[in-house]
Amino acid sequence: MALLKVPTPPVQWRCNVPPTTLAFPNSRSISAGRGKGREWNWRVKCSSSSSGAEIEKGAGNFGPGSPVRATNVLVVGATGTLGRQIVRRALDEGYDVRCLVRPRPAPADFLRDWGATVVNADLSKPETIPATLVGIHTVIDCATGRPEEPIKTVDWEGKVALIQCAKAMGIQKYVFYSIHNCDKHPEVPLMEIKYCTEKFLRDSGLNHIVIRLCGFMQGLIGQYAVPILEEKSVWGTDAPTRIAYMDTQDIARLTFITIRNEKLNGKLLTFAGPRAWTTQEVITLCERLAGQDANVTTVPVSILRFTRQLTRFFEWTSDVADRLAFSEVLSSDTVFSVPMAETYSLLGVESKDIVTLEKYLQDYFTNILKKLKDLKAQSKQTDIYF
């Protein structure tokens with residue numbers, strides 16, 4: 001059989017002040033700089049090997065073979081906060097789900113238990129990607145890098161390789177999750193990367209959908225709810241930023257409605273929760289539902305910004321500086337939210353069916369406090385406080 005070589009030429013990404021340009025596939029240089037007073041460059045090379053990855057023609061989505069079913073989906077980032085909800089929703093709706101999971105000490109057995117197929121691959125090793133795409137109709141990309149690794153490794157190099165492989169293997173739809181307002185904050189590396197990836201995906205020619213997100217309700221549990229219950233410090237800022245958090249289960253449900261609507265191919269949508277909240281408002285809500293005050297430690301945004309500037313001077317702390325760049329967003333009066341009435345109408349969804357943050361946290365505190373009471377009753381101890 002003929003062999004198809006997946007193109008894996010070097011890719012260079014430069015963030016400069018000149019106007020935004022992107023070319024695919026002939027030019028491998030992306031100048032994604034926007035704004036003023038900024039001068040920083042990243043050079044990224046994405047190559048699986050000197051010869052590239054080889055795929056047996058006829059084994060994938062090419063040629064006159066059997067058509068790939070639209071229910072065959074690959075979820076990238078399946079073990080994450082959003083990814084696992086995407087997997088569960090897909091299985092509930094009758095999709096055949098394959099999960100791309102990095103090799104890890106603790107296997108993702110829960111995905112298999114749910115009924116998904118798990119394949120080991122690593123976006124930072126492009127040669128492992130092509131085999132995961134064989135027989136796949138739709139790629140749902142909700143992966144992001146781990147906190148301990150450079151942002152560009154997975155979120156840029158890995159995504160470029162994945163998109164190139166998807167294009168070469170004839171993937172029929174690619175769903176990419178981005179960040180709301182990513183086009184407005186080039187000073188934040190992760191948001192800049194997301195925006196560049198949106199453009200790279202669009203210019204690749206793949207049939208795609210981009211979904212920008214504001215924030216997950218699930219992330220507030222570990223950040224605020226649990227520390228309040230355990231009487232530990234809750235870290236907050238004095239920033240006026242407001243975020244319209246959304247339940248990842250609602251995001252998953254809306255995602256599959258979007259995927260099935262062919263009129264939305266090539267579109268950019270933003271999903272936001274019913275209301276935008278400041279950090280202090282979230283803490284106050286948790287205090288009321290928990291029935292106890294929080295031990296709040298407020299970190300001025302100015303301290304975060306100073307720390308970021310300091311860490312940028314050292315190579316070994318540059319990744320920390322990239323993540324602290326979010327302080328640049330926190331220091332502005334930004335609202336991560338959009339009106340959703342038009343989107344609900346487009347998707348045929350009622351606003352009353354979208355979970356509010358009050359309802360989400362109320363359900364959490366009700367369940368956890370009940371469990372704590374039951375535990376106290378069973379143990380007959382008197383030194384358990386909640």
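1. The model is predicted, so local features need pLDDT of at least 70 and side-chain atom pairs count only at pLDDT 80 or more, while totals for chains, interfaces and linings use all residues. Residues are numbered from 1 along each chain as its sequence is written, and side-chain values use heavy atoms, without hydrogens and water.

2. Helix H6 covers residues 248-260; helices are DSSP runs of H or I with at least four residues, strands are E runs with at least two, and both are numbered from the N terminus. At 1.5 Å a residue its 13 residues should span 18 Å, the expected span being 1.5 Å times one less than the number of residues. The end C-alpha atoms are 19 Å apart, which agrees.

3. In H6, 10 of the 13 residues are buried (under 20% relative accessible area; exposed is over 50%, partly exposed in between; 1.4 Å probe, protein chains only). Among them are Asp250, Arg253 and Phe256. The buried residues pack against elements including helix H1 (83-92) and strand S9 (173-179).

4. Four aromatic pairs are counted (Phe, Tyr and Trp rings, the latter by its six-membered ring, with centres within 6.5 Å; planes under 30 degrees apart are stacked, over 60 edge-to-face, the rest tilted). Phe110 and Trp114 form an edge-to-face pair, with centres 5.1 Å apart and planes at 75°. Both residues lie in helix H2 (residues 109-114), four residues apart.

Conventions:
Contact = heavy atoms within 4.5 Å.
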